[in-house]
Amino acid sequence: MLAFTALQLLACAALLVSATTIVVRDPYDAGNRQAGLLIYCGAFWAVCQLLWNTAQDPRDALLLMKLSALGWVGI
């Protein structure tokens, strides 16, 4: 595994853990839900980035890049 891929995987995991920790502390607080959603959108983008960097087919990579825009819309 390339170091860059491991770094992206670590970033995805860190974002997911951070967002879940924020939401679980007080799920009824609107600020916590909004902050958690913001970080979950970043995690979605990070997962798409990890997948497009490891994609074998350029068309799949382009599709994942377009799909990752949903994460940016949320942010």
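Does cysteine 12 count as buried or exposed, and at what relative accessibility?

Modeller: Cysteine 12 counts as buried, at 5% relative accessibility. Buried means under 20% relative accessible area, exposed means over 50%, and partly exposed is in between (1.4 Å probe, protein chains only).

Some ground rules. This is a predicted model, in which local features need pLDDT of at least 70 and side-chain atom pairs count only at pLDDT 80 or more, while totals for chains, interfaces and linings use all residues. Residues are numbered from 1 along each chain as its sequence is written, and side-chain values use heavy atoms, with hydrogens and water left out.

Back to the cysteines. The structure holds zero disulfides. A disulfide here is a pair of cysteine sulfur atoms within 2.5 Å. Cysteine 12 is in none, and its nearest cysteine sulfur belongs to cysteine 48, 9.1 Å away. Cysteine 48 is likewise in no disulfide, and for that residue the nearest cysteine sulfur is that of cysteine 12. Cysteine 48 is buried too, with a relative accessible area of 3%.

Now the wider chain. There are four helices and zero strands. Helices are DSSP runs of H or I with at least four residues, strands are E runs of at least two, and both are numbered from the N terminus. Along the sequence the pattern reads α-α-α-α. The C-alpha atoms fill a box of roughly 45 × 25 × 10 Å along the principal axes. Of the 75 residues, 24% are buried. Contact means heavy atoms within 4.5 Å. Among contacts between residues at least 6 apart in sequence, 48% join residues at least 24 apart.

One more buried residue deserves a look. Asparagine 32 sits in helix α2, residues 30-54. Asparagine 32 counts as buried because its relative accessibility is 18%. A polar atom of the asparagine 32 side chain lies 3.3 Å from the backbone oxygen of aspartate 26. Leaving aside neighbours within four places in sequence, asparagine 32 is in contact with Ile22, Val23, Arg25 and Asp26.

Last, charge. The chain has 4 positive and 4 negative side chains, and the centres of the two sets lie 4 Å apart. Lys and Arg count as positive, Asp and Glu as negative; His and the chain ends are not counted. Each charge is placed at NZ of Lys, CZ of Arg, CG of Asp or CD of Glu.

How values were computed:
Polar contact = N/O pair within 3.5 Å; in protein donor to acceptor, adjacent residues only side chain to side chain.
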